[in-house]
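Here is a protein model to explore together. Take a moment to look over the sequence and turn the 3D view around before reading on.

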Amino acid sequence: MREKADDVAEAIAGELRLLTPRVRASRELAGRLLDPEFVEVGASGRRWDRETMLAELPDKPGASDEGPRYEPVGMRGTVLAPGVVHVTYEAVLGERRSRHSSIWRRPAAGSGWRMYYHQGTVVPAGTG
């Protein structure tokens, strides 16, 4: 049971690091947290692969100490299988609220937890 709690804590820690301006602005730091097979489906419906995300992440919201930052709310995780954790939360960035779902996996080689899949969905204003 403790191992599952540790796995969830490590995946959540990675998710939180990816929300910081320091990591978002650094291809190297973000690259350590994104799985080689990473895929994201953004709020726009656009599909992102790892290379595209690493190239564009420094220009995306939340990548500057001077700009608005992501404020995560209600982050939680569930172990889906050994070495696989599903993380969900809501985030606020300025006036925008969004819901997020990520799949994190730990390679057998032990290189740490990496985000394998991410989905973000904007919550329309006035929606609960």
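Predicted model: local features only at pLDDT ≥ 70, side-chain atom pairs only at ≥ 80, totals over all residues.

What follows is a short tour of the sheet, its hairpins, the pocket and a few ring contacts.

What holds strands side by side? Strands of a sheet pair through backbone hydrogen bonds, and they can do so in a parallel or an antiparallel way. Another handy thing to know is that side chains in a regular strand alternate between the two faces of the sheet.

## Walking from strand to strand

Let's begin with β1 and β6, which run parallel and are joined by four bridges. If you want to spot this pairing in the view, find Val39 and look for its bridge partner Tyr117 in β6.

On to β6 and β5: these two are antiparallel, with eight bridges between them. Two places to look are Ser101, which stands opposite Gln119 in β6, and His100, which stands opposite Gly120 in β6.

## Two hairpins

Next come β5 and β4 (residues 84-93), an antiparallel pair with 10 bridges. Val92 is bridged to Arg97 in β5. The two strands make a hairpin with two residues between them, and Gly94 in the turn has a positive phi of about 65°.

How many bridges join β3 to β4? There are eight, and these strands run antiparallel. Here Thr78 has His86 in β4 as its bridge partner. This pair is also a hairpin with two residues between the strands, and in its turn Gly83 has a positive phi of about 80°.

## The largest pocket

Now for the largest pocket, with a volume of about 420 Å³. Its lining is made up of 24 residues. Which of them lie nearest the centre? They are Arg24, Glu40, Lys60, Tyr70 and His118. The elements giving two or more residues to this lining are α1 (2-18), β1 (34-41), β5 (96-105) and β6 (114-122). β6 provides the largest share, with four residues.

What sort of residues are these? The lining splits into 12 nonpolar, seven polar and five charged residues.

## Rings and charges

Finally, a look at the aromatic rings. To describe a pair of them, you give the distance between the centres and the angle between the planes. With centres required to lie within 6.5 Å, the count here is zero aromatic pairs.

There is still a ring contact to find, though. The charged end of Arg46 sits over the ring of Trp48, at 3.8 Å from the ring's centre.

Definitions and conventions. Residues numbered from 1 in each chain as written. Heavy atoms only, no water. 1 Å grid on protein atoms, 1.4 Å probe; cavity = no way out; pocket = protein on both sides within 12 Å on 5 of 7 lines; lining within 4 Å. Points joined across faces, edges and corners; volume = space filled by probe spheres on them. Nonpolar A, V, L, I, M, F, W, Y, C, P; charged D, E, K, R; others polar. Phe/Tyr/Trp six-rings, centres within 6.5 Å; stacked < 30°, edge-to-face > 60°. Lys NZ or Arg CZ within 6 Å of the ring centre and 35° of its normal. Pairing = 2+ DSSP bridges.
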